[in-house]
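User: I am new to this structure and would like to go through some of its side-chain interactions. Could you take me through them step by step?

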Amino acid sequence: MVFLIFTSLLSAQDKFTISGIVTDSKNGETLFGASVYFMNTTIGVMTNEYGFYSLTVPEGTYTLVVSYMGYNEIIEETTLDSTRKMDFELLESSNKLKEVVLVAEESERVNIRTPQMSTAKLKIETIKKMPVVFGEVDILKSIQLLPGVTNNGEGSNGFNVRGGAVDQNLVLLDEAIIYNSSHLLGFFSVFNADAIKDVKLYKGSIPPRFGGRVSSVLDVRQKDGNSKKVALTGGIGTISSRLAVEGPLVKEKGSFIVAGRGSYLHLFLKLSEELKENALYFYDFNLKGNYELNDNNRLYLSGYFGRDVFKFGTSFSNIYGNASGNLRWNHIFNDKIFSNLSLIYSKYDYQIELNAIQFDWISDIINYNLKYDFKYYINNKINLNFGASGIYYNFHPGEIRPTSESSPINYFELDEKRAFEAGVYINVEQKITERFNMQYGFRISAFSRLGGEPLTIYENDQPVVYNDFLGIYQGGIPIGQEDYSIGESMKTFNNFEPRLALAYQMSEYSSIKASFSRIAQYIHLLSNTTNVTPLDVWTPSGVYIEPQLSNQYALGYFKDFSKKMLNFSIEAYYKTIENRIDYIDGANLIGNNNIETVILNGEARAYGLEFLLQKISGDFTGMLAYTISKAEQRTLGGNAGGPGINNGNWYNTPYDRTHDFSVTAAYDHTNKWTFSANFVYQTGRPVTYPNGQYEYEGMSIASYEDRNSSRLTSYNRLDVMAIFRPNRKPNNRWKGEWVFGIYNVYNRMNAASITFGQNRETGVNEATRTAIFGIVPSVTYNFKF
């Protein structure tokens, strides 16, 4: 690696560099992924997350092209006889190509050449064309139409990538970690589309700058705000409304955006005499501002705050939500080196009030993150990314507070846990030949479980043991405790995480790609459910819990057709995960101060084929995605002895979907009318059913089949939507549109779960299927000013 960089540095002598920022001429937003290249050459680059680009070429006269899908190109002849700074503002095209709902990159030609694979970038404008439940624009529902991405059930916002669990996805909002990405227990996402600029999902080939999750990274960026004029954006929907205000700061040297959203489902409950004391609603706020100190320095401040509230009369209430903040400093050292320093805060907390028993339950996880990232544009053949980060975690699993002196509950607090995670990385993007490109690098991560609470010591160092007489796993025998002071390391892990991606361009319109990535994950979500719930607890790796380690291999073929109006890709992947935890039968995760007594370490594997066909231009656009895959897990007894879970055999993970098929289509009929539709089919989710029962001391006790050996019925639905724009005059500042949608057109009652019980009157065993949604119509009015 050092030799390649040194050779490129020598070849960069006696050349000149052109660099700058690419923005939207209408609102001043920086454009991430814009193409900047010299015509009739292979010299080009894409702008980074902050719109910055840099190109180095020999002295001469060139034709420079700056392009971004949906915008007019800038074609400019320039003579380079010295290093220059050139900023560009692109004008949105009035007759732009209709882009597909999901595009792999802004430029399909760049997508063919770049080694980056298993990645999708979503445009907010096209996400808003997709029909969703209650008409609420939803980023997470959109990514579930991609191959390799499934959901956790009807109406949920948890998502699974290539057979991975929910906690194996790193969800970022302006670099801040979001621990629970859903509102209303999974029916809506926390992302307000009016405040979001772009979304990028990495399913594999994850760049070394990201770490800490073994399945995917969802990188969501908020808008910077309109630096040209004050603008309003909003909408009034069936159960929620939203409003965003943005505008310039100090003579276009900066901008701001403030956005709010809230639901009012609880107001309808007040119409019922039986339900009027109940409440069910959410709200969230987004804030971002930036200010240009000078040509080479800019500050950003962004934040998010969201809350969900459930109240059932005066006896029970549940309040939970996320809060985050990020202070960033962009600095351009020179025409080749761009840097970003970020100080980030994230918090997720929940509170349960049980007035009938007179106590509150409070829990949270907080982290502070400092990271410094650099990009060095060495020359037109090699770019270098490097940086470092450090995250301090504070886990507060739970605290019970009596709310009155007469409460039968005593004060109790679970042990607070602390940890520190550090990482350094380097990544090289290199053009080896005209047809062969590489990305290679590594991440070195370190994780320390810090003291501050006592460590329980178990007999034979076994927190879980197998009881041969009863044939079950149970907690080990505690024999003492070991104390650690705050800041003292209880256990430290170090991991080397190499990343490699290759691309060979077979022709102007086709290429093959391959990638490998190794990733370590040091924190785990403790949950017996397949969807994220407010009661889920995060816990760090430590003395008894090992970090998860994944290796993922991918191979793909990419092809453009019909002058790039169509593109096709097929990817095969194979992923293994070490130290994937699972729970012993009857595990109690809530309020457990020794969680190591109910978990076993295992392994997981997932493999599959993903197909994607897209039509990316014209009045009719769309996407067809299909995945055939397998996701399995095996949990042996290990030090605990015994046969392990499922007798030590491989079993389906809860996220296994053999077949996943989706079709998305949009048709711009006229300037006033747009029609769109989605169809989704998935194999049913794995479940475990009882296969018999026996009597014991007068009680009927069920016996169960092998874990996850059955499935729910297949999931499928059809959604449609029509958008009507009554006022399309170019000079009219107020622009409104009506959105009419029908979710689940043919009213299929997809099974969310099947439970078994005994009829109290007849004593007969019964199975009950629960469905969340049937047909759901919606109407929304959106506006811009």
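User: Is Asn326 buried or exposed?
Analyst: This is a predicted model. In it, Asn326 has a relative accessible area of 2%, which is under the 20% limit, so Asn326 counts as buried.

User: Where is Asn326 found?
Analyst: Asn326 belongs to strand 24, which covers residues 316–332.

User: And what is Asn326 in contact with, leaving aside neighbours within four places in sequence?
Analyst: The contacts of Asn326 are Asp174, Glu175, Tyr300, Leu301, Ser302, Ser342, Leu343 and Ile344. With Glu175 there is also a polar contact between the two side chains, at 3.1 Å.

User: Which side chain meets Glu175 in a salt bridge?
Analyst: That of Lys371, with an N to O distance of 2.9 Å.

User: Which residues are joined with them into one network?
Analyst: Through salt bridges that share partners, Glu175 and Lys371 are in one network with Glu29, Asp174, Lys197, Asp224, Lys288, Arg328 and Asp373.

User: Changing topic: how many salt bridges are there?
Analyst: The count comes to 36 salt bridges. One of them pairs the side chains of Arg209 and Glu49, at 3.1 Å from N to O.

User: Where do Arg209 and Glu49 lie?
Analyst: Arg209 is in the loop between strand 17 (196–202) and strand 18 (216–222), and Glu49 is in the loop between strand 3 (44–46) and strand 4 (52–58). The pair therefore ties together parts that are 160 residues apart in sequence.

User: Buried or exposed, those two?
Analyst: Arg209 is partly exposed, with a relative accessible area of 26%, whereas Glu49 counts as buried at 18% relative accessibility.

User: What about Arg162 and Glu610, how do their side chains meet?
Analyst: They meet in a salt bridge, with 2.8 Å from N to O. Arg162 lies in the loop between strand 12 (159–161) and strand 13 (169–173), and Glu610 lies in strand 41 (residues 599–615). The pair links distant parts of the chain, 448 residues apart.

User: Are they buried or exposed?
Analyst: Both Arg162 and Glu610 are buried.

Note on methods: Residues numbered from 1 in each chain as written. Predicted model: local features only at pLDDT ≥ 70, side-chain atom pairs only at ≥ 80, totals over all residues. Heavy atoms only, no water. Salt bridge = Lys/Arg side-chain N within 4 Å of Asp/Glu carboxyl O. Helix = DSSP H or I, 4+ residues; strand = E, 2+ residues; numbered from the N terminus. Buried < 20%, exposed > 50% of the residue type's maximum accessible area, 1.4 Å probe, protein only. Polar contact = N/O pair within 3.5 Å; in protein donor to acceptor, adjacent residues only side chain to side chain. Contact = heavy atoms within 4.5 Å.
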